[in-house]
Amino acid sequence: MKNNESTSRSKFRIWRVFASRGLIAKISFFIILFFVAIAIIAPLFCQDPLEQDLLARYKMPSSEHLLGTDSLGRDIMSRIVYGTRISLLASLASGVFAAMIGITLGLIAGYYERFVGAIIMRLVDAHLSIPPLIFSMIVCAILGNGIWQTVVAIGIGMIPTYIRLVQGMVLTLKGNDYIVATSLLGQKNAVILFKHLLPNCFPTIIVQFTMNLGSAILSEAGLSFIGLGIVSPDISWGSMVAEGYSALVKVPLLAIMPGICIALVVIALNFIGDGLRDALDPRLRGKL
Amino acid sequence: MSEDSKKVPFLKVEDLKMYFPVRKGLLQKTVAHVKAVDGISFEIEEGKTFGLVGESGCGKTTAGRCILRMYEPTDGKVMYRGRDITHLTPAQIRPFRHEIQIIFQDPYGSLDPRQSIGSIILEAIVASGRKDVLPKDRKAKVDELLTLVGLDPIMRSRYPHELSGGQRQRVGIARSLACNPKLIICDEPVSALDVSIQAQVINLFEDLQKKLGLTYVFIAHDLAVVRHISDDIGVMYLGKLVEVTSSEELYRNPLHPYTNALLSAIPIADYEVEKTRQRIVLENEIPSPIDPPKGCPFHPRCKYATETCKQTMPELKPYSEGHKVACHNLRTILNQE
């Protein structure tokens, strides 16, 4: 029973298999849900993260400032919550950006493997020979600081993985009789690519996408930490760590709290990716 | 065209050759060729069935795919209704792409697992660009096609994994029919099915031929199946046709030693007769199509082989009306019998 990979269409089934991965997958899911929620409702309960109070610099946690204040007397708690917004947005946007370009190029590279595909894949090889973070740094240095510049910089760094992944899948999928049959019906190539090949790649792409969100957050934090990427007045976890780093002894929470957030989200996304991979793997159907 | 159509065969394959290059090394130099199809010729009349038999790897599927123009043949000609389609570009083929269709061997791999049955057939109707089905009638046409192949129209909302092998094969047939084809290449359409289902599907093929006037190229390795459905049969061995004749004649009077061996492999249902059945067991393996033996490709396994067989390839010559054989030693073989 090869090729039995189609799905019973219930979303609950995927959730069931996903949940049966164990407590960790479930907890990870709710961690992400929690961060997304606070990012959305941030203005409802937070103080203005930019409001300075130079008389209250480097305050320890109190009822007024739950996590204390930073070098300019700004509320750390509010800054983390607003940082969540930008960090999550930047990682999601760069993930979508990379996925859209990478998947399209991957589909084309796999389908027209002879000439166009060869060119695309050699470019991918060239790209992969440069470490992604270095590459993002270069792009960031060229484009300058800012959220969208960072999104592009991180996104470009992730494109090759998608191309590789999708190209490989298309190479195997396009040999299938149903693709051959469809092209013999006189179907247009674009339709075959996006209506037949793409949906059959989806399970794998979703897993890759989830995992990439985690690494995008890391890249963003890394870029912001070294002063590229997102800089003041925009707040991101990475730039907060960089600010807090110099006052690590005085107010440890300033650097530690955003660091914990980064770690939590990245680890949670990785576990979700693992869980999804199992949930969407047809070979594990029925066993779980 | 109508006057000529009597003289012009529906499908004519002339000295068709399909060599696949074997590439090696850094520069991908062509070091050899796999001679998958090595000069075959046959004709089919409209509304008839031509059976192509032979063991695995003899090139029958490749021959079918050359007719479909999935491959561009290395040499030779494929004439479809008097028109040379051998070297047409995809754009030139497009107008009658839908007239030549294929039915695959594997009913599991030939349907997109993420498409419902209805949408598979609907797509075929739309993609073939047929003008006779108006957009508003398409849904009705899907139901009509499903009924035609013996499936309940309710099936349209099902997905391939919910269907049995036989049902999937029927969907595959419905998809081919959706674009109103004239010629269907059946590439071992029943080999993957249970014997009981095989009979049903074969009967379906015959019904459809009667109803729609289809022409089939029926590829199979099972002679019993081919005999039932074919008008003419071509026996292939290592990329060459060794015997071509009507299906009755082939069973009554098989001439080529390879055909004889194939026929002797069909089991007989009657136990007593089966016990006395003489099987001709061929020795050795089928030679590699990269480096086929000189002369007759069958000579290393043929008990009648002579020096001539090792040197020259016998031509496909008429033995009697409508019965062609490629063998040097027909006389000897006939005398022995």
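Biologist: How do you know that E7(B) and strand E8 (residues 215–220) of chain B are paired?

Modeller: Two strands pair if DSSP finds at least two bridges between them, and 5 bridges join E7(B) to E8(B), running parallel. One of these links Cys186(B) to Phe218(B). Strands here are DSSP runs (E, at least two residues) and helices are runs of H or I, at least four, numbered from the N terminus. This is a predicted model, in which local features need pLDDT of at least 70, side-chain atom pairs count only at pLDDT 80 or more, and totals for chains, interfaces and linings use all residues. Residues are numbered from 1 along each chain as its sequence is written, with chains lettered from A and ligands numbered from 1 in the order in which they are written.

Biologist: What makes the crossover from E7(B) to E8(B) right-handed?

Modeller: The chain passes through helix H6 (residues 195–212) of chain B. With the strands pointing away from the viewer, the path from the first strand over the helix to the second runs clockwise, so the crossover is called right-handed.

Biologist: Which strand pairs with E7(B) over 4 bridges?

Modeller: Strand E6 (residues 100–103) of chain B, also in the parallel sense. There Ile102(B) stands opposite Ile185(B).
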